[in-house]
Amino acid sequence: MKRYSESELVNIGSGEDIIIAEFSRLVAEVIGYRGEISFDTSRPGGMPRKLLDLRRLDKLG
């Protein structure tokens, strides 16, 4: 992406889906957070799962 100069947007991602709880724990581990992570289970479970279309990124190599 260092050399990409087109005006068209390109989705950047891993091509894998991850739930918010798992992502939260991963971020906490990376930044060294040792506190509690809690979720309000009385509220809706977040947004529907979505994967980015990475075909354009794949074409760029």
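What follows are my entries, from the whole chain down to single residues.

**Ground rules**

I am working on a predicted model, where local features need pLDDT of at least 70, side-chain atom pairs count only at pLDDT 80 or more, and totals for chains, interfaces and linings use all residues. I number residues from 1 along each chain as its sequence is written, and the side-chain values use heavy atoms, with hydrogens and water left out.

**Overall form**

I looked up the secondary structure and found two helices and zero strands in the chain.

**Surface and contacts**

I checked burial next: buried residues make up 8% of the 61 residues. Buried means under 20% relative accessible area, exposed means over 50%, and partly exposed is in between (1.4 Å probe, protein chains only).

The accessible surface comes to about 6,100 Å², and 52% of it belongs to carbon and sulfur atoms. These areas come from the Shrake-Rupley method with a 1.4 Å probe, and for residues only the protein chains shown count as cover.

I then looked at contacts (heavy atoms within 4.5 Å). Among those between residues at least 6 apart in sequence, 74% join residues at least 24 apart.

**Charges**

I found 10 positive and 10 negative charges, with their mean positions 3 Å apart. Lys and Arg count as positive, Asp and Glu as negative, while His and the chain ends are not counted. Each charge is placed at NZ of Lys, CZ of Arg, CG of Asp or CD of Glu.

How many salt bridges are there? I get two, taking a salt bridge as a side-chain nitrogen of Lys or Arg within 4 Å of a carboxyl oxygen of Asp or Glu.

One of them pairs the side chains of Arg56 and Glu8, at 2.6 Å from N to O. This pair links distant parts of the chain, 48 residues apart: Arg56 is in helix H2 (residues 55-60), and Glu8 is in the segment before helix H1 (20-31). Arg56 counts as partly exposed because its relative accessibility is 37%, and Glu8 gets the label partly exposed at 46%.

Another salt bridge joins the side chains of Asp53 and Arg55, at 2.5 Å from N to O. Asp53 is partly exposed at 39% relative accessibility, whereas Arg55 is exposed, with a relative accessible area of 58%.

**Around Arg56**

Which residues does Arg56 touch, leaving out those up to four places away in sequence? I list Glu8, Leu9 and Val10. For Leu9 I also noted the spacing: Arg56 and Leu9 are 47 residues apart in sequence and 9.1 Å apart in space, C-alpha to C-alpha.

Asp53 sits in the loop between H1 and H2.

Gly15 belongs to the segment before H1 and is partly exposed at 44% relative accessibility. Not counting residues up to four places away in sequence, Gly15 touches Leu51 and Leu54. The C-alpha atoms of Gly15 and Leu54 are separated by 6.8 Å, and the two residues are 39 apart along the chain.

Ile18 is also placed in the segment before H1, and at 34% relative accessibility Ile18 is partly exposed. I looked up Ile18 against Leu57, 39 residues away along the chain, and their C-alpha atoms are separated by 19 Å.

How values were computed
Helices (H or I, at least four residues) and strands (E, at least two) are DSSP runs, numbered from the N terminus.
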